[in-house]
Amino acid sequence: MNKEGKGYLIVADNTEQTDYVDCAVALARSIKLHTPDAKIALMTSNEVNNDIFDYVVDLPFGDQAPDSDWKLKNDWQIFWATPFKETIKLEADMVVPHSIEHWWDMFRKRDVVVSVGTKNYLQQDTTVRMYRKIFDKNELPDVYNAITYFRYSQFASEFFSLVRDIFNDWDNVRTIIKGGDADPGTTDVVYAIAAKTLGIENCTLPNTSYPKMIHMKGAINYMSGENWTEELIWEFDRSNIRINTVDQQYPVHYQVKEFSKKLNEYYEQFFTSTTEV
Amino acid sequence: MTRGFLIFAFDNEKVSYFKHAVWTADRIERFLNLPTTIVTDTKSAETQTTTHDLIITDAISGGQRNFDLGQCGGEAKWYNVNRYQAYDHSPYDETIVLDSDYIVNSDQLLKVFDTHHDVLFHRDVYDITGRRGAENYRTFGHHNFPHYWATVLFFRKGKEAQNFFQCMDMIKSNYTHYSKIYKYHRLPYRSDYATSIALGMIYGHRIDAMPTIPWLLQTAFSDVKVIKMGDTEYKIVYENWNKITDERQKYEIEVKDMDIHCIDKHSFEAIVNE
């Protein structure tokens with residue numbers, strides 16, 4: 001495939017439990033509302049025909065977890081699947097309420113940039129570590145793969161090859177790292193190990209306010225439980241989203257997958273296309 | 001461009017707010033050379049004569065409050081809701097709405113009028129005892145919304161300030177609704193909460209854009225005694241844990257020429273009666 005300039009790549013494979021493609025449609029719509037010229041690709045093994053996506057690409061090496069409801073093991077394929085020379089990969093259960101086009105300039109200082117740290121709905125950097133114990137125990141960088149930039153380059157190839165190898169060898173890797181027995185091989189941990197192996201300074205941007213996302217996990221947002229949609233109010237204003245009245249300035253990782261239904265119900269009015277899965 | 005101060009002061013069975021307001025207005029005149037208008041009710045205004053301008057209105061109660069913290073029997077009605085009327089009541093183009101328990105000891109507040117913001121108040125407090133007593137006031141509600149202080153509230157008349165006070169009015173009228181969103185106690189009414197929420201509204205719900213008076217509000221909290229030693233000299237008496245003896249110990253510090261937000265009403269009463 002001849003790769004074109006730059007674009008966003010969303011990874012979404014439906015499972016029995018979760019309609020990830022619906023999440024991806026909502027994410028793509030949120031981007032196109034403020035950046036209509038953005039190129040957006042979807043990597044999926046589902047059949048998807050929705051013109052919100054400029055590209056729908058299959059997993060080049062096939063589904064690596066056919067019997068699993070968790071498709072994390074397919075993530076490394078993004079490097080070979082992307083139709084772009086420069087890619088920002090986004091996890092499907094996010095929205096991008098404001099343009100992040102200015103991020104590209106900063107990203108170009110590296111071949112790979114994985115976002116570091118996260119914010120709460122008040123736009124504050126969180127200090128909550130209860131979801132990141134394995135990172136602290138192993139002194140791993142606090143990376144979040146949900147936003148990852150990569151350029152079609154030798155280094156990015158090495159990075160994602162290493163990510164693939166760690167995923168495939170997880171049964172051994174988990175015995176080496178502290179607390180690994182309790183981790184099923186989550187993408188953030190795998191990325192963190194890859195980043196630490198290849199040099200954290202080569203895979204992250206230190207001392208920058210972005211890339212960064214709002215993470216809607218319970219403890220990060222002073223909630224009693226994990227479902228923020230039951231405790232906080234939300235309002236939509238085109239691509240803007242306000243959570244408990246606070247305007248969200250960064251991509252929002254809403255994590256409660258059913259929320260995509262609310263998003264698409266709202267976004268529908270701005271688009272004429274329909275999803276066919 | 002006219003400038004002045006506005007103090008809301010409605011007496012209850014426990015606190016003579018009007019007397020406090022007159023005392024504070026006298027000091028504003030002396031240290032800042034600016035006029036003060038006191039917004040009060042007939043009953044309070046009859047307690048003492050004053051040369052300061054008065055606006056007589058009905059006091060609105062925000063509920064019961066204990067005015068003797070740490071003791072029983074100090075409950076009384078708290079008339080703290082009228083602040084949303086400040087825009088309409090103020091005769092000045094630029095106004096500082098000041099709590100009646102603010103001890104003016106310098107001309108520091110004149111600097112507030114230099115701001116280019118049309119609505120401005122304090123985000124952060126400095127605990128005068130250094131005990132980090134302000135930590136619990138950084139946020140309010142279960143989900144930790146930023147807490148601003150209505151103690152010193154500057155506004156310049158115009159569209160933005162008008163919007164702000166209309167928002168305060170709306171919040172006051174729907175206070176239970178907002179208490180459910182921000183998850184704070186519905187009673188008593190808190191001006192600080194209403195002003196914090198209203199400021200968020202006029203800044204487009206972007207809390208990183210909300211401005212603040214660029215210094216900390218020097219505060220003596222409710223468990224701190226403030227004793228007047230001279231015209232602008234005060235002794236601050238408080239207790240703290242002594243880590244060496246492992247028991248509570250009384251401490252004293254002295255401050256001079258420093259404005260103080262004196263929350264302990266008994267201390268303030270003693271100062272005013274001196």
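# A chat about chains A and B

Guide: To start with a packing detail, the buried residues of H4 in chain B pack against helix H3 (86-89), strand S8 (119-122), S12, helix H5 (175-182) and helix H6 (191-202) of chain B. Bear in mind that this is a predicted model.

Visitor: OK, which residues of H4(B) are the buried ones?

Guide: They are B:Ala161, B:Phe164, B:Phe165, B:Met168, B:Ile171 and B:Lys172. Looking down the axis of H4(B), you find the buried residues within an arc of 115°, so they line one face of the helix.

Visitor: And what's exposed on the other side of H4(B)?

Guide: B:Lys159 and B:Ser173 are exposed there.

Visitor: How far apart are the end C-alpha atoms of H4(B)?

Guide: They're 21 Å apart. H4(B) covers residues 159-173, and at 1.5 Å a residue those 15 residues should span 21 Å, which agrees.

Visitor: You mentioned H6(B). How many of its residues are buried?

Guide: Nine of its 12 residues are buried, which makes H6(B) mostly covered. The buried set is B:Ser191, B:Tyr193, B:Ala194, B:Thr195, B:Ser196, B:Ile197, B:Ala198, B:Leu199 and B:Gly200.

Visitor: What do those buried residues of H6(B) pack against?

Guide: Their partners in chain B are S8, strand S10 (139-140), strand S11 (145-146), S12, H4 and H5.

Visitor: What span should H6(B) have at 1.5 Å a residue?

Guide: For its 12 residues it should be 16 Å, and the end C-alpha atoms of H6(B) are 16 Å apart, which agrees.

Visitor: What about the backbone that follows H6(B)?

Guide: B:Gly204 follows the helix, and its phi is positive, near 65°.

Visitor: How do S7(B) and S17(B) run?

Guide: They run antiparallel, joined by two bridges, with S17(B) covering residues 260-262. B:Tyr102 stands opposite B:His261 in S17(B).

Visitor: Zooming out, how many helices and strands does chain B have?

Guide: Chain B has seven helices and 17 strands. The radius of gyration is 18 Å, close to the 19 Å that the globule rule gives for 274 residues, so chain B is as compact as a globular protein of that length.

Visitor: What box do the C-alpha atoms of chain B fill?

Guide: Roughly 55 × 45 × 40 Å, taken along the principal axes. Of the 274 residues of chain B, 39% count as buried.

Visitor: What share of its contacts comes from residues 24 or more positions apart?

Guide: In chain B they account for 69% of the contacts with a separation of 6 or more.

Visitor: Over to chain A. Where does A:Phe167 lie?

Guide: A:Phe167 lies in helix H5 of chain A, residues 154-168.

Visitor: Why does A:Phe167 count as buried?

Guide: Because A:Phe167 has 20 C-beta neighbours inside 10 Å, and 20 or more is the cut-off for buried.

Visitor: What does A:Phe167 touch?

Guide: Leaving out residues up to four places away in sequence, A:Phe167 touches A:Lys73, A:Trp76, A:Gly185 and A:Val190. A:Val190 is 23 residues away in sequence, with a C-alpha to C-alpha distance of 6.9 Å from A:Phe167.

Visitor: And the open sheet in chain A, what's its order?

Guide: S5-S12-S8, three strands with mixed pairing. S5 (94-95) and S8 (214-215) are the edge strands. S8(A) and S12(A), residues 252-253, pair in the parallel sense over two bridges, and A:Ile214 has A:Val252 as its bridge partner.

Terms used
Residues numbered from 1 in each chain as written. Chains lettered and ligands numbered in written order. Predicted model: local features only at pLDDT ≥ 70, side-chain atom pairs only at ≥ 80, totals over all residues. Helix = DSSP H or I, 4+ residues; strand = E, 2+ residues; numbered from the N terminus. Rg over C-alpha atoms; globule rule 2.2 N^0.38 Å. Contact = placed C-beta atoms within 7 Å. Pairing = 2+ DSSP bridges. Expected span 1.5 Å × (residues − 1). Arc of directions from axis to C-beta.
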